[in-house]
Amino acid sequence: MTEQLASATRTAVGGRRYIIGIGLMLLVTLGYMDRINWSIAGSHIIEEFGLTTGQYGILTSVFSWAYLALMIPVGLMADRWGARLLLPISIIVWSIGAGMTGAATGLTALVVARLLLGAGEAPMYPVGNSVISEWAPRQERARFTGLLNAGALFGPAIGAVVAAYLIASLSWHASFFILGGVGIVFGLIWLLVYNTPEKTKWLRPAEREYILRERVDPQVAAQGYSTTPLTLPVLLRTRTMWSLLIAHGCAAYTNYLFLSFMPLYLEKERGLEGLGSGWVTGITYAVAAVGSIILAYLADRLVPADKLHSGGRRKLVTAAMVAALPLLVLPFVDNVVAIVILIAWVLIMITSAMTLNFALAGDLIQGNPSKGRVFALVQVGGNTFGLLAPIVTGFLVDGTGSYTIPFILAGLLLAVGATLTAKFSRGSLASKAQD
């Protein structure tokens with residue numbers, strides 16, 4: 001009865017808030033289109049600059065150096081300044097980095113372009129999840145986060161096909177110029193459209209009231225949780241924060257492995273080249289994007305509202321990581337259709353795991369203004385592992401001549417992440433006891 005009443009309330013107030021959810025999905029889609037563009041152009045870049053697979057892996061990871069270095073600062077900026085200016089600046093900076101990649105004529109210029117791309121994309125998840133904390137009623141947090149994270153799949157899905165076409169029709173340089181230009185336009189549109197729910201004029205009063213009332217669990221206030229911002233040392237003294245951080249990294253490792261190497265893997269080990277590799281990559285990511293959105297919607301309905309603040313979502317995070325373990329059999333599958341289905345399944349599950357882990361972090365910090373730095377720390381975990389994934393994979397492929405060991409390593413990390421989540425991701429981060 002309570003769920004029916006809540007559903008009726010959501011229907012009555014309308015759904016304009018989902019404009020923000022879709023906007024976040026488009027934002028991440030554009031960011032990941034620029035990332036997958038690098039992978040689709042990988043064989044051309046290796047040939048033009050005379051790189052080994054290991055050297056290409058190092059150059060790929062340069063993106064993560066700047067991304068990781070700026071993660072904590074942008075989390076602090078998100079808490080202080082908000083998303084209205086920070087996200088458009090972010091989009092424009094990474095789009096300039098994309099354009100500079102296409103203009104690069106030497107390795108130094110490529111490194112600078114990759115650093116700029118990483119620096120520009122650093123605010124994307126900490127600030128994006130802060131936006132969700134402001135705009136999403138608590139029982140819709142997973143579906144909003146699901147839209148955000150679906151962009152990480154739609155981006156490669158669309159970008160793989162578009163980049164492959166642009167490279168085949170024009171050049172790999174032109175693909176970076178064109179996609180970078182699209183990003184700059186989107187950044188300007190975001191600046192015109194976005195504001196907080198309190199200040200957004202196109203939001204109906206009833207829906208505004210609903211968002212403001214439902215974005216924090218009443219039990220948070222009733223149980224005396226602190227509204228004083230938590231410092232980084234305080235957060236890092238909790239097992240909950242470390243479990244969120246490390247588990248995210250365990251899932252992100254597989255995500256970065258595919259993002260960096262799927263086109264090369266399909267070309268070198270599965271015999272798909274050029275547009276064939278681009279289309280298979282695109283179809284795989286498209287299927288995974290739709291699947292992850294559906295799972296995020298279902299996840300919001302599976303966890304009772306009164307269990308969210310105490311970490312009720314952790315069981316779903318654990319289940320998603322366990323469900324991604326068929327990754328371990330990928331090296332032993334020969335049929336192309338079966339490969340696409342298997343990779344799509346793994347991508348659905350690891351994206352769902354990261355989606356739900358972000359939503360879980362939001363559940364455990366609700367009512368406290370430190371959300372930006374919490375999401376930044378979660379991303380630090382993801383991108384520490386993400387930085388290592390292309391380097392480790394590149395050198396393992398050079399050393400073994402195949403992708404079997406890299407896939408087995410990724411599967412083992414998923415098992416570690418599932419175990420940590422099940423055991424430690426519980427208990428509010430905003431409790432007064434932790435001040």
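This is a predicted model: local features need pLDDT of at least 70, side-chain atom pairs count only at pLDDT 80 or more; totals for chains, interfaces and linings use all residues.

Which residues make a nonpolar surface patch of about 530 Å²? I found Val-290, Ile-294, Leu-295, Tyr-297, Leu-298 and Leu-302. To get into a patch, a residue needs over 30% relative accessible area and no salt bridge, with like charges joined within 9 Å and nonpolar side chains (Val, Leu, Ile, Met, Phe, Trp, Tyr) within 5 Å. A salt bridge is a side-chain nitrogen of Lys or Arg within 4 Å of a carboxyl oxygen of Asp or Glu. Areas come from the Shrake-Rupley method with a 1.4 Å probe, and for residues only the protein chains shown count as cover.

Residues are numbered from 1 along each chain as its sequence is written, and side-chain values use heavy atoms, leaving out hydrogens and water.

Leu-295 has a relative accessible area of 31%, so I logged it as partly exposed (buried is under 20%, exposed over 50%, partly exposed in between). Helices here are DSSP runs (H or I, at least four residues; strands are E, at least two), numbered from the N terminus. I got 19 helices and zero strands for the protein.

Next I went inside. Buried residues make up 60% of the 435. The largest nonpolar core has 126 residues, and Tyr-125, Phe-258, Leu-330 and Leu-347 have the most contacts inside it. Helix α17 (residues 336-365) gives the most to this core, namely 18 residues. A core means buried Ala, Val, Leu, Ile, Met, Phe, Trp, Tyr and Cys joined through side-chain atoms within 4.5 Å.

Then came the rings. Phe, Tyr and Trp (its six-membered ring) pair if the centres lie within 6.5 Å; planes under 30 degrees apart are stacked, over 60 edge-to-face, the rest tilted. I got 16 aromatic pairs by this rule. Tyr-265 is buried at 1%, and Tyr-403 counts as buried at 5%.

Methods: Buried means under 20% relative accessible area, exposed over 50%, partly exposed in between (1.4 Å probe, protein chains only).
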